[in-house]
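I opened this entry to look up the ligand surroundings and the annotated sites. My notes follow the structure.

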Amino acid sequence: AITVGVLALQGGVVEHIALLNRASTSYPSTTFHFLEVRTPEQLSLCDALIIPGGESTTMAIVARRLGLLEPLREFVKINNRPVWGTCAGLVMLAEQASATKQGGQELIGGLDVRVLRNKFGTQVQSFVADLKLDFLGEGEGPFRGVFIRAPVVEEVINGNGSGNVKVLGTVKKPGEEADIVAVRQGNVFGTSFHPELTGDVRVHVWWLGNVVEALSQRRKERGLVVGS
Ligand code: GLN
């Protein structure tokens with residue numbers, strides 16, 4: 001069985017769990033458990049994790065208070081578990097976030113990028129846009145991207161050369177430059193938009209597929225080490 005956690009300190013938790021449940025039917029030979037994560041003990045049960053949308057400053061403060069920030073960093077950067085952040089979750093997974101009025105904020109990191117929070121303005125400037133997400137596979141139609149006080153990836157920073165940040169999606173508003181709204185670097189995936197707020201299960205199906213693959217790879221490697 002595979003246990004996928006959803007960090008449940010704040011934000012869109014139940015929506016992710018609902019879509020994960022639907023997406024899991026695409027992998028009938030795998031048993032999944034979906035777990036709301038609020039403690040380091042719960043995190044330690046997880047094979048993979050989603051960090052939902054919400055408000056990243058709040059999320060960081062609560063994570064710090066619950067003693068979760070270091071375990072989360074370890075989960076992402078040392079244990080290299082598959083992690084997906086949506087919106088505020090993407091902010092948390094960035095190595096840097098552009099300075100805000102409030103000053104710095106604590107991040108988990110894992111993606112060698114700098115994000116710009118609230119790129120498109122306030123809540124009332126929320127919008128939807130059809131995105132071309134090639135990783136969903138050939139012949140797939142556009143994906144409805146929901147953007148709510150969304151961050152964008154401002155710059156790939158790639159300090160250590162182990163980089164390999166892959167841009168997986170962009171959005172272009174009329175008269176503006178295209179913005180990066182989906183990235184992946186190894187085990188870490190981030191989207192500015194909210195697939196969990198659409199009825200469209202494709203991104204969750206794709207991500208769960210990656211989780212299944214990463215875990216079978218990991219178990220194989222472990223088996224080899226034990227057997228040799
Ligand atoms: N603006 C929020 C932040 O910077 C993210 C908004 C969202 O997750 N919908 O943390």
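For the element names below, I take helices (H or I, at least four residues) and strands (E, at least two) as DSSP runs, numbered from the N terminus. The model is predicted.

I looked up the UniProt annotation "active site" (unreviewed entry), and it covers Cys87, His194 and Glu196. These residues span 110 residues in sequence, yet no two of their C-alpha atoms are more than 11.0 Å apart, so they gather at one spot.

I located Glu196 in the loop between strand 12 and helix 6. His194 lies in the loop between strand 12 (188-191) and helix 6 (202-227). I count Glu196 as buried, because 26 other C-beta atoms lie within 10 Å. His194 is buried, with 24 other C-beta atoms within 10 Å.

I then listed contacts, leaving out residues up to four places away in sequence. Glu196 touches Gly12, Glu15, His16, Leu19 and Thr86. The contacts of His194 include Gly12, Thr86, Cys87 and Ile148.

Ligand shell. Which residues are around the ligand? I found Gly53, Gly54, Glu55, Ser56, Cys87, Ala88, Val91, Arg117, Asn118, Ile148, Arg149 and Pro151. The shell divides into 5 nonpolar, 4 polar and 3 charged residues.

The UniProt annotation "binding site" (unreviewed entry) covers Gly54, Glu55, Ser56, Arg117, Ile148 and Arg149. They are spread over 96 residues of sequence but cluster in space, with a largest C-alpha distance of 13.0 Å.

I placed Arg117 in the loop between strand 6 (111-116) and strand 7 (127-131), and Ile148 in the loop between strand 8 (143-147) and strand 9 (152-156). Arg117 counts as buried, with 22 C-beta neighbours inside 10 Å.

Definitions and conventions: Residues numbered from 1 in each chain as written. Predicted model: local features only at pLDDT ≥ 70, side-chain atom pairs only at ≥ 80, totals over all residues. Near = placed C-beta within 6 Å. Nonpolar A, V, L, I, M, F, W, Y, C, P; charged D, E, K, R; others polar. UniProt positions renumbered as here; feature names shortened; annotations may be inferred. Buried ≥ 20, exposed ≤ 12 C-beta atoms within 10 Å, placed from the backbone. Contact = placed C-beta atoms within 7 Å.
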